[in-house]
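Hi everyone, thanks for coming. Please have a look at the sequence and the model on the screen, and then I'll walk you through them.

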Amino acid sequence: FCLQRLKLHPSFFFLWNQILAGSFYEHYNNEVKRWKGFRLLATDGSMVYLLNKPSLRSYFGVQDNQFGDRVMARVVQVEDVLNRIIVFGNMVPVSVSEQTVAYRLAESYPPDSLMLFDRNFASYALMYLLINQEQSRHFVIRCKTVRSFNEVASFLHSHKTSKVVKLYASQTS
């Protein structure tokens, strides 16, 4: 299998992981670790270097630095942190942001999960997409300092130790 992997279409690995993760939840349903009834799913992204091949260069793109340009891709994964499995993973062109991948995933996040995002994902667009699904998704997004959201700034100035903020989609006539 290892020697033949180059003959496989890249989507095979994406779909295979979907099947394996789904099988895990189906077969270990009662043994799946949860926090207060939720699956804790953390989304994170990173950059990876790729081989300098023309096909990879044209599809994934390059990043310039002091040593020249490097073929790179963005990797985004969703991990069930309590059960230690990757439920989603994908490699996209370097020009595609982590947020864009999360936007595309918004309807795929299971309703019984609590999504954890780091500060690079903080955006009203992602919050809107997660809230406005057929069944609203639960999430926690770490925010950058005061410059990110008015709610964060007022919380920091209040000296409180915690605050729950409810967001609602505004409806215009």
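This is a predicted model: local features need pLDDT of at least 70, side-chain atom pairs count only at pLDDT 80 or more; totals for chains, interfaces and linings use all residues.

**A walk through the fold**

Residues are numbered from 1 along each chain as its sequence is written, and side-chain values use heavy atoms, with hydrogens and water left out.

Let's take the overall picture. The C-alpha atoms fill a box of roughly 55 × 50 × 40 Å, taken along the principal axes. Of the 173 residues, 28% count as buried; buried means under 20% relative accessible area, exposed over 50%, and partly exposed in between, with a 1.4 Å probe and protein chains only. Now think about contacts, meaning heavy atoms within 4.5 Å. Among contacts between residues at least 6 apart in sequence, 53% join residues at least 24 apart.

Find helix H1, residues 11–27. At 1.5 Å a residue, its 17 residues should span 24 Å, and the end C-alpha atoms are 24 Å apart, which agrees. The expected span here is 1.5 Å times one less than the number of residues.

Which residues of H1 are buried? They are Ala21, Phe24 and Tyr25. These cover an arc of only 90° around the axis, which puts them on the same side of H1; the arc is that of the directions from the helix axis to the C-beta atoms. If you wonder how that works, an α-helix has 3.6 residues a turn, so residues three or four places apart point the same way. The face turned away from the buried side of H1 carries the exposed residues Ile19, Glu26 and His27. As for what covers the buried residues of H1, it includes strand E1 (39–49), strand E3 (68–80) and strand E4 (85–93).

Helix H4, residues 124–131, has the buried residues Leu126, Met127 and Leu130. Seen down the axis of H4, they fall within an arc of 100°, so they line one face of the helix. They pack against helix H3 (98–105), strand E5 (113–117) and strand E6 (138–141).

**Charged residues**

Side chains of opposite charge can pair when their charged atoms come close. How many salt bridges does a search of the whole structure find? It finds three.

Start with Arg34 and Asp112, whose closest N and O atoms are 3.0 Å apart. Arg34 sits in the loop between H1 and E1, and Asp112 in the loop between H3 and E5, 78 residues apart. Arg39 also forms a salt bridge with Asp112, with closest N and O atoms 2.8 Å apart. Here Arg39 is in strand E1, and the pair is 73 residues apart. Is Arg39 buried or exposed? At 11% relative accessibility, Arg39 counts as buried, whereas Arg34 is partly exposed at 34% and Asp112 is partly exposed at 26%.

Then there is Arg57 with Asp69, the closest N and O atoms being 3.0 Å apart. Arg57 lies in helix H2 (residues 54–60) and Asp69 in strand E3, so the pair ties together parts that are 12 residues apart in sequence.

**A buried aspartate**

My last stop is Asp80, in strand E3. Asp80 is buried yet has no salt bridge; the nearest side chain of opposite charge, Arg39, is 5.4 Å away. For charge, Lys and Arg count as positive and Asp and Glu as negative, while His and the chain ends are not counted.

What does Asp80 have, then? A polar contact of 2.4 Å joins its side chain to that of Tyr25. Polar contact here means a pair of N or O atoms within 3.5 Å; within protein, one must be able to donate a hydrogen and the other to accept it, and residues adjacent in sequence count only if both atoms are side-chain atoms. The Asp80 side chain also reaches the backbone nitrogen of Leu82 at 3.3 Å. And remember Tyr25: that is one of the buried residues of H1.

Key. Helices (H or I, at least four residues) and strands (E, at least two) are DSSP runs, numbered from the N terminus. A salt bridge is a side-chain nitrogen of Lys or Arg within 4 Å of a carboxyl oxygen of Asp or Glu.
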